[in-house]
Amino acid sequence: MHDQNPSCPASPSTDASAPLMPPLFDWRFAADPYPAYAWLREHAPVRKTRVPSGVEAWLVTRYADARQALADPRLSKSPHHHGEQGAHGKGKVGIPGERSANLMTHLLNIDPPDHTRLRRLVSTAFTPRRVAAFAPRVRELADTLIDGFAGRGEADLIHEYAFPLPIYAICDMLGVPRQDQEDFRSWAGMMIHQPGSPRGGVGRAVKRMRGYLAELIHRKRAELDRRGEGADDLISGLIRASDHGEHLTENEAAAMAFILLFAGFETTVNLIGNGTYALLRHPGQRAVLQRAVADGDTGLLATAVEELLRYDGPVELATWRFATRELTLGGQRVREGDPVLIVLAAADRDPDKFDAPDTLDLTRSDNQHLGYGHGIHYCLGAPLARLEGRTALAALLHRLPDLRLAAQPEELRWRGGLIMRGLRTLPVEFTARG
């Protein structure tokens, strides 16, 4: 997501006896937000705070409150319910540029019954079978990317591995021709401020992506009409998808392809980057996983990915919700039109839910984390993200067994933004291999 102003102050604590709250949204907070989230869970679990974009929103930090809020039908996903009219169009909430690019009709912005209809149609195309069949391509991508830097003995794992892998994967799944995929990599870099990409280009990247998707959908629809059947890619599947004779409109198909790409790649970049960083900071846990990978223990690999999602997941806050009427949440009165931000990173370290929540334990079995949400808005792309995360981590541990950080942790910088949590770079060293 786009960078936010780090100097915005939080509203003062109403508990005079509480210790001073750590600052929110500055660069220190970005590096390690967990002490501040622990303070909020303890002293102000549902707290109204001015976020860096200037919007006042309720931050929900305890697991029980977060799980309730994620499934509460009184909290709408549509920015039309926001009390501050025009905030979405100004980029204060949501994805910059999506309104002007006519990309609003996707699953992150709508409620039932439209959400129910669209999700059912998209699920017809985005099936578990399609994801499972994609596993060999993800393995091929991981090995190809590692081949590109294995001989150097050093790499930036974000720029050279965690970022391109999910971009190429989702492009392949959507049916974007190989010769056009570098354009998508460039647009995606603008959207998350990859090194070398121009700042302030999020809206431009969204518009370019929208124009390309509209043209691609038109071509694939024409192919389907001409041949009676299209290719077996996700965009063709979205075009064919129907429910009782009802199909996605062209705008809906473009919006759904956009959000699958946008949400699908950035979460996976952060899952691979944050997960690798956590393993490098916890050599004992990394050794356990490395042995499991060598032994072909896919069960432990899957459990490990769930713990990495809980411990330092790719989505720090769930996307915006807005109260459609007054409600009580965590003892606080939330008024109609108020924005609500559910802090997944705080909920997933709640000691009332998880034993030793600040400890990375890759064998943790009872792990009902909220990393991909809960309720009707549970992440549709979670199976693909998990597949990519498992494959990427296993390939790194197998191919580069002596992987190590090439910088001090305090030298690393995290991307600014409100929703996602991810490193800008992850420099590593290892024994060069041909």
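Student: At what angle do α8 and α16 pack, and how far apart are their axes?

Tutor: In this predicted model, helix α8 (residues 164-174) packs against helix α16 (residues 382-399) at an angle of about 135°, and their axes lie 11 Å apart. Axes are lines fitted to C-alpha atoms, for helices over the stretch in contact, with angles running from 0 to 180 degrees between N-to-C directions. That angle makes α8 oblique to α16, since under 35 degrees counts as roughly parallel, over 145 as roughly antiparallel, 65 to 115 as roughly perpendicular, and the rest as oblique.

Student: Which residues meet there, in α8 and in α16?

Tutor: From α8 come L165, P166, A169, I170 and M173, which meet L384, E388 and A392 of α16; contact here means heavy atoms within 4.5 Å.

Student: Okay, new topic: which residues touch the most other members of the largest nonpolar core?

Tutor: They are F126, Y161, F184 and F265, in a core of 82 residues, where a core is a set of buried Ala, Val, Leu, Ile, Met, Phe, Trp, Tyr and Cys residues joined through side-chain atoms within 4.5 Å. Helix α12 (residues 250-281) gives the most to this core, with 14 residues. Another core lies apart from it, with 44 residues, among them F29, A57, V334 and L341.

Student: And what does Y161 contact, beyond its neighbours within four places in sequence?

Tutor: Its contacts include F149, D156, P166, I272 and A392.

Student: How much of the protein is buried?

Tutor: Buried residues make up 57% of the 434 residues, with buried meaning under 20% relative accessible area, exposed over 50%, and partly exposed in between (1.4 Å probe, protein chains only).

Student: How many helices and strands are there?

Tutor: There are 16 helices and 12 strands, taken as DSSP runs numbered from the N terminus (helices H or I, at least four residues; strands E, at least two).

Student: How do β1 and β2 run, and how many bridges join them?

Tutor: Strands β1 (residues 46-50) and β2 (residues 56-60) run antiparallel and are joined by five bridges, and two strands pair if DSSP finds at least two. K48 has W58 in β2 as its bridge partner, and in the hairpin, which has five residues between the strands, G54 takes a positive phi near 100°.

Note on methods. Residues are numbered from 1 along each chain as its sequence is written. This is a predicted model: local features need pLDDT of at least 70, side-chain atom pairs count only at pLDDT 80 or more; totals for chains, interfaces and linings use all residues. Side-chain values use heavy atoms; hydrogens and water are left out.
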